[in-house]
Amino acid sequence: NTNVGTATVTITGVGNYTGTITQTFSIAAKAASTLTIDPIANQTYTGAAITPAVVVKDGSATLTETTDYTLAFADNTNVGTATVTITGTGNYTGTTTQTFAIAAKEASTLTIDPIVNQTYTGSAITPGVVVKDGSTTLTETTDYTIAYTDNTNVGTATITITGVGNYTGTITQTFAIEAKAAKAGGPTLLYR
């Protein structure tokens with residue numbers, strides 16, 4: 001008479017009565033919508049599906065995954081609001097949900113491949129940039145934007161990577177612009 005199913009009550013006669021008689025009754029599963037789910041802390045984008053620990057309770061009793069419920073996550077990879085659906089099993093039935101936030105990852109954790117020295121051309125120099133999150137190469141406009149400064153004349157130019165989408169904040173990389181070598185046998189200037 002504790003778990004879902006058919007319970008039996010047995011009446012045993014005493015005093016003026018003798019023998020036994022039984023009666024059954026059903027115990028129905030409790031609706032999962034009556035359960036509580038502890039708040040889930042904000043998570044940070046990792047590039048993979050995020051499945052934080054979930055604590056489900058029936059009153060003050062903490063329930064057990066697979067015995068009392070199963071979990072299903074949705075929208076839990078990219079920045080935004082993710083959802084976990086709890087589906088009752090065993091003594092529980094139905095579903096209930098909880099959401100949690102996935103925050104953008106700081107661009108300061110990214111790496112930019114070194115940029116070879118460039119040669120002065122008279123125009124703005126915009127070398128290709130390879131930005132990585134660990135071993136994953138990121139995509140310009142989807143994951144970041146690029147801005148160049150001081151990238152025309154000889155000296156040190158700066159590239160600023162600004163995170164977008166699943167990334168936030170900025171990271172910079174510099175590269176050198178070297179003087180163009182004079183050509184031997186070039187044009188001769190005549191003065192009169």
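Mentor: Contact here means heavy atoms within 4.5 Å of each other. The model is predicted. Among contacts in the protein chain with a separation of 6 or more, residues 24 or more positions apart account for 44%.

Trainee: What is the secondary structure of the protein chain?

Mentor: The chain has 20 strands and zero helices.

Trainee: Why is the protein chain called more spread out than a compact globule?

Mentor: The globule rule gives 16 Å for 192 residues, whereas the radius of gyration is 34 Å, well over that value, so the chain is more spread out than a compact globule. The C-alpha trace spans about 145 × 20 × 15 Å along its principal axes.

Trainee: What percentage of the residues of the protein chain count as buried?

Mentor: Of the 192 residues, 26% count as buried. The cut-off for that word is a relative accessible area under 20%. The chain exposes about 12,000 Å², and carbon and sulfur atoms supply 50% of that area.

Trainee: How far apart are the mean positions of the positive and negative charges?

Mentor: They are 16 Å apart, with 7 positive and 12 negative charges in the chain.

Trainee: How many aromatic pairs does a search of the whole structure find?

Mentor: The search finds two.

Trainee: Are Phe-73 and Phe-100 buried, partly exposed or exposed?

Mentor: Phe-73 has 23% relative accessibility, which falls between the 20% and 50% cut-offs, so Phe-73 counts as partly exposed. Phe-100 has 3%, under the 20% limit, and therefore counts as buried.

Trainee: What makes Thr-96 buried?

Mentor: The relative accessible area of Thr-96 is 16%, and buried means under 20%, so Thr-96 is buried. Thr-96 is placed in strand 11. Leaving out residues up to four places away in sequence, Thr-96 touches Ala-32, Ser-33, Ile-37, Val-84, Thr-85 and Ile-86.

Trainee: Why is Thr-66 called exposed?

Mentor: Exposed means over 50%, and Thr-66 has a relative accessible area of 61%, so the word applies. Thr-66 is in the loop between strand 7 (61-62) and strand 8. Its phi is near 75°, a positive value in a residue other than glycine.

Trainee: What is the phi of Thr-141, and where is Thr-141 found?

Mentor: Thr-141 has a positive phi of about 75° although it is not a glycine. Thr-141 is in the loop between strand 16 (136-137) and strand 17 (144-149). Its relative accessible area is 61%, over the 50% cut-off, so Thr-141 is exposed.

Trainee: How do you know that Gly-90 is exposed?

Mentor: Gly-90 has a relative accessible area of 55%, which is over 50%, so Gly-90 is exposed. Gly-90 lies in the loop between strand 9 (80-88) and strand 10 (92-93). Apart from its neighbours within four places in sequence, Gly-90 is in contact with Val-4, Ala-29 and Thr-67. The C-alpha atoms of Gly-90 and Thr-66 are separated by 8.7 Å, and these residues are 24 apart along the chain.

Trainee: What makes Ser-60 count as exposed?

Mentor: Ser-60 has 75% relative accessibility against a cut-off of 50%, so Ser-60 counts as exposed. Ser-60 is found in the loop between strand 6 and strand 7. Its C-alpha atom is 9.4 Å from that of Thr-36, 24 residues apart along the chain.

Definitions and conventions:
Residues are numbered from 1 along each chain as its sequence is written. This is a predicted model: local features need pLDDT of at least 70, side-chain atom pairs count only at pLDDT 80 or more; totals for chains, interfaces and linings use all residues. Side-chain values use heavy atoms; hydrogens and water are left out. Rings of Phe, Tyr and Trp (its six-membered ring) pair if their centres lie within 6.5 Å; planes under 30 degrees apart count as stacked, over 60 as edge-to-face and the rest as tilted. Buried means under 20% relative accessible area, exposed over 50%, partly exposed in between (1.4 Å probe, protein chains only). Helices (H or I, at least four residues) and strands (E, at least two) are DSSP runs, numbered from the N terminus. The radius of gyration is taken over C-alpha atoms; the globule rule is 2.2 Å times the number of residues to the power 0.38. Accessible areas come from the Shrake-Rupley method with a 1.4 Å probe; for residues, only the protein chains shown count as cover. Lys and Arg count as positive and Asp and Glu as negative; His and the chain ends are not counted. The place of a charge is taken as NZ of Lys, CZ of Arg, CG of Asp or CD of Glu.
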